[in-house]
Amino acid sequence: MPENVCIDAGGPAIEKWAGTCFNTGRSEILLQEYIEGDVDNLYLALAACNENGDIHAMVCCRKLLEYPEGLMCVGETVEHAGFHDACVRAFSALELSGVLGVEFKWDKKNKNFVFIEANLRPENILAIATASGINLMEYACNYATSGKIESPAGPAGKVIWRDLSLLVLARLRGVTLSGIARIKTAPAYPFGQFHDTDSAQIS
């Protein structure tokens, strides 16, 4: 909610805002570095890891469109060496087993990926992973039951994924989703697919 968010480049405004929160009683505050950029600068990765943070399989993607705010309703898989390396370092530092997610934002000013958060639970990007041909849950379950590390035969395929439930919700609420007018399609998970193989209108 906007009234609970303070975006500031310096300290004084944050101190004033935080003081107001503390004066109201018990408050939980999350401080996060603010990196300028659009939704499509948000990169995510989901991976099946062992307890050392070693990756069995990983799918990297980025947001293309979000609705409601913070929820990805359209995303695509990506191949980016710099992002891949940043994810490997993040998962290694976490040292947790299972299917884990990390999120970065591309800082156009400094030309690097900035770590935002770790999500220690499977998310809707599991559907992107499945669409790309990488069943992360299967790799995690196989490791949990057999202790054997299995890796995909090949890289994740190029897909664009859509959460049609969120797109329909936006239309029911009369919300016009802007930012991406036309999206080139690739083979996608049928649950979230527009079947027009050339382009899809998001409006």
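Q: How many aromatic pairs does a search of the whole structure find?
A: The search finds six aromatic pairs. Please note that this is a predicted model.

Q: What kind of pair do Phe 83 and Phe 104 form?
A: Phe 83 and Phe 104 form an edge-to-face pair, with 5.7 Å from centre to centre and 85 degrees between the planes.

Q: Where in the chain are those two?
A: Phe 83 belongs to helix 2, residues 81-94, and Phe 104 to strand 4, residues 98-107. The pair links distant parts of the chain, the two residues being 21 residues apart.

Q: Are they buried or exposed?
A: Both Phe 83 and Phe 104 are buried.

Q: And why is the pair of Phe 83 and Phe 113 tilted?
A: The planes of Phe 83 and Phe 113 stand at 45 degrees, with the ring centres 5.2 Å apart, so the pair is tilted. This pair also links distant parts of the chain: Phe 83 is in helix 2 and Phe 113 in strand 5, residues 112-119, 30 residues apart. Phe 113 is buried, as is Phe 83.

Q: Which residues do ring pairs link into a cluster?
A: The cluster consists of Tyr 43, Phe 83, Phe 104, Trp 106, Phe 113 and Phe 115.

Q: Changing topic, how many disulfides are found?
A: A search of the whole structure finds zero disulfides.

Q: Why does Cys 87 count as buried?
A: Cys 87 counts as buried because its relative accessibility is 0%. Cys 73 likewise counts as buried, at 0% relative accessibility.

Terms used
Residues are numbered from 1 along each chain as its sequence is written. This is a predicted model: local features need pLDDT of at least 70, side-chain atom pairs count only at pLDDT 80 or more; totals for chains, interfaces and linings use all residues. Side-chain values use heavy atoms; hydrogens and water are left out. Rings of Phe, Tyr and Trp (its six-membered ring) pair if their centres lie within 6.5 Å; planes under 30 degrees apart count as stacked, over 60 as edge-to-face and the rest as tilted. Helices (H or I, at least four residues) and strands (E, at least two) are DSSP runs, numbered from the N terminus. Buried means under 20% relative accessible area, exposed over 50%, partly exposed in between (1.4 Å probe, protein chains only). A disulfide is a pair of cysteine sulfur atoms within 2.5 Å.
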